[in-house]
Amino acid sequence: MRYVIIGAGAVGGAVGGRLAQGGCEVVLVARGKQYEALREQGLVLQTPDGPHTHRLPVVNGPEALGVLRADDVLVLSVKTQDSAAALAAWGPRPVDGGGTAAERLPLVCAQNGVESERLALRTFQRVYAMCVWLPAAFVEPGVVRADGTPLTGILHLGRYPAGADDTAREIAAGLERCRLDAPVVADAMRWKYAKLLANLANSIEAVSGVLTSEEGIALFRRARAEGEAVLAAAGIAYTSPEEEQRVRADKIRFEPFDGSPRGGGSSWQSLQRGAGTIEADYLNGEIALLGRLHGVPTPVNDVLQERANEAAREGRPPGATSVADLVAAVEARVARTASGS
């Protein structure tokens, strides 16, 4: 198998680097300064077991790769807001022996949220869901750090919408060659919905800073409670924190290895880089959508979605709004929701 990593940022770079370290064939897909840096200096993956530099093939789009191979695995690791464009670009690409990528190749959605799988299944016939537990950060163009130890990440993998097959097991075997655990499960989306609940903190972290205060943690608990109520109303199953903890055990711990302070997650990093977009529509916005579909008010997640999008549009740095101001905005929305206005 050849792994084509569509979106060689934090997660894509960490997964691609570990695959390469395990002897797998890897192609990285990137844009802009990241593409230029990867071509010029290679991928530098900083980990607790040392820095690793990987000189891998790099392309800036499917045209540069030409006809795809029949043994290619497409790993989609862009942010969900960029999924539609990536799927439109890669789906029609010809595959050696006939047919297109959408018809023949497996596509793995290695992303937060639960929307990309639905988007992919509209055109791709072989879609796989991956729940990503992998603390990683984009440091600078060409450099990615992954702080997980002794494993870099745990990646639950299965067919979408459900099931497991030999292709999933073969993909997992490649992932597990170097410091990645990839359990193949028939209910990968159950794991992804649990991760969605955890990711409801991302907007709080991006807007008001890394969650360390009791006020911020309490706000996350309220957002999560809304999420749990919405999933219950929709009849959507998700793994419990206890089940997640049993699986993780001591397999993966977050241990900064150079004394630097801990940064935030993926949404925090989007504001830090000035990306101009953020994934809130597919995290807090997913809860808001399900709430509207099933008649469950979601004022906390509504505000978090709006404030995160506003910060991204206006180019604010992470943590520019105090937790107190964010809580005040939430309280005002809760009051309006309660009054029916």
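## Charges over rings

In this predicted model, the charged end of R248 sits over the ring of W133, with 3.9 Å to the ring centre.

## The aromatic pair

W133 belongs to strand β8 (residues 127-133) and W191 to helix α8 (residues 188-199), so the pair ties together parts that lie 58 residues apart in sequence. Both partners are buried: W133 has a relative accessible area of 5%, and W191 has one of 4%.

## A four-stranded open sheet

Let's turn to the sheet. Four strands form an open sheet in the order β4-β3-β10-β9, and the pairing is mixed. At the edges are β4 (50-54) and β9 (136-140), each pairing on one side only. From one strand to the next, the twist averages 25 degrees.

Strand β3 (residues 43-47) runs antiparallel to β4 and is joined to β4 by five bridges. Within that pairing, Q46 has P51 of β4 as its bridge partner. Helix α2 (residues 32-41) lies across β3, β4, β9 and β10 (143-146), and runs at about 90 degrees to β3.

Which residues of helix α4 (residues 83-90) are buried? They are S83, A86, L87 and W90. Seen down the axis of α4, these residues fall within an arc of 100 degrees, so they line one face of the helix. The face turned away from this buried side carries the exposed residues A85 and A88.

Key: Residues numbered from 1 in each chain as written. Predicted model: local features only at pLDDT ≥ 70, side-chain atom pairs only at ≥ 80, totals over all residues. Heavy atoms only, no water. Buried < 20%, exposed > 50% of the residue type's maximum accessible area, 1.4 Å probe, protein only. Helix = DSSP H or I, 4+ residues; strand = E, 2+ residues; numbered from the N terminus. Arc of directions from axis to C-beta. Pairing = 2+ DSSP bridges. Axes fitted to C-alpha atoms, helices over the stretch in contact; angles between N-to-C directions. Contact = heavy atoms within 4.5 Å. Lys NZ or Arg CZ within 6 Å of the ring centre and 35° of its normal.
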